[in-house]
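Dear colleague,

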Amino acid sequence: MFKLKLPTDPRWANIAEGNIEEILTDHAWCEQKAATNAISLITMLPEYPEIVTELLAIAQEELDHFNQVHEIIKNRGYALGRQRKDDYVNDLMKFIVQGSRDELIIDKMLFAAMIEARSCERFKVLTENIKDEELKTFYKELMISEANHYTTFIGFARLLGDPEKVNKRWEEWLEYEAQIIQSYGNKETIHG
């Protein structure tokens, strides 16, 4: 569905499961950053009320996910911990074009779509490979939500730009992401 060029090695789930507290903390902060990103996009698109409405819904859903992860952390007796740096996301940011306002907005939509696509794929890997039944169920539910977000961001990019150009640019994003993701998959973080 996402056409990701390089799938996550299922052994990453074993790394993640080896330190559940860390993966949950990292995941919580990923959800917070996703909400912040949706709000940031809203500030760029005030002239599109339908898009603003959808982005508000995404931001609220991401905050709800943050809350859900935080509840799991608390229920297990863990501590949330400080926000983590996300090297994967920082590497993706380097690929955002700094052209016209329209080009920037479209690329920020594709940037968001890429993060949602990889997160969804990682949640699928967790669902299929960890032993923790509670987390299997939780990540399966989140996988569906992230897939919807991915579809929404791609749809916005196509709505705001020439669909053929957007599709071409998405292919470039996929190629770029395949290059950088090779450095990840060996830490107990959602993208690490």
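The lining of the second largest pocket is made up of eight charged, three nonpolar and two polar residues, where Ala, Val, Leu, Ile, Met, Phe, Trp, Tyr, Cys and Pro count as nonpolar, Asp, Glu, Lys and Arg as charged, and the others, Gly among them, as polar. This is a predicted model, in which local features need pLDDT of at least 70 and side-chain atom pairs count only at pLDDT 80 or more, while totals for chains, interfaces and linings use all residues. Residues are numbered from 1 along each chain as its sequence is written, and side-chain values use heavy atoms, with hydrogens and water left out.

The second largest pocket has a volume of about 240 Å³, and of the 13 residues that line this pocket, Glu-103, Ile-106, Lys-165, Val-166 and Arg-169 are the closest to its centre. Two or more residues of that lining come from each of α5 and α7, and α7 gives the largest share, five residues. A pocket here is an open set of points on a 1 Å grid over the protein atoms alone, where a 1.4 Å probe fits, with protein on both sides within 12 Å along at least five of seven lines, and lining residues have an atom within 4 Å of a point. Its volume is the space filled by probe spheres set on the points, which are joined across faces, edges and corners.

The largest pocket holds about 480 Å³ of space and is lined by 26 residues, with Lys-33, Ala-34, Asn-37, Val-89 and Ile-115 nearest its centre. At least two residues of this lining are supplied by each of α2 (20-44), α3, α4, α5 and α6 (133-160), and α2 contributes the most, with eight residues; helices are DSSP runs (H or I, at least four residues) numbered from the N terminus. By type, the lining of the largest pocket comprises eleven nonpolar, seven polar and eight charged residues.

Turning to the rings, the structure holds eight aromatic pairs, a pair being rings of Phe, Tyr and Trp (its six-membered ring) with centres within 6.5 Å, and with planes under 30 degrees apart counted as stacked, over 60 as edge-to-face and the rest as tilted. The ring centres of Tyr-88 and Tyr-184 lie 5.9 Å apart and their planes stand at 85 degrees, so this pair is edge-to-face. Because Tyr-88 belongs to helix α4 (residues 87-93) and Tyr-184 to the segment after α7 (163-181), the pair ties together parts that are 96 residues apart in sequence. Tyr-88 counts as buried at 0% relative accessibility, and Tyr-184 is also buried, at 16%, where buried means under 20% relative accessible area, exposed over 50% and partly exposed in between (1.4 Å probe, protein chains only).

The rings of Phe-95 and Trp-173 are likewise edge-to-face, because their centres are 5.0 Å apart and their planes at 85 degrees. Phe-95, in the loop between α4 and α5 (101-129), is 78 residues from Trp-173 in helix α7, and the pair links distant parts of the chain. Trp-173 is buried, at 0% relative accessibility, and ring pairs link Phe-95, Phe-111, Trp-173 and Tyr-176 into a cluster.

Finally, Ile-72 lies in helix α3 (residues 49-75) and is buried, with a relative accessible area of 8%. Apart from its neighbours within four places in sequence, Ile-72 is in contact (heavy atoms within 4.5 Å) with Leu-24, Glu-134, Leu-135 and Phe-138.

With best regards
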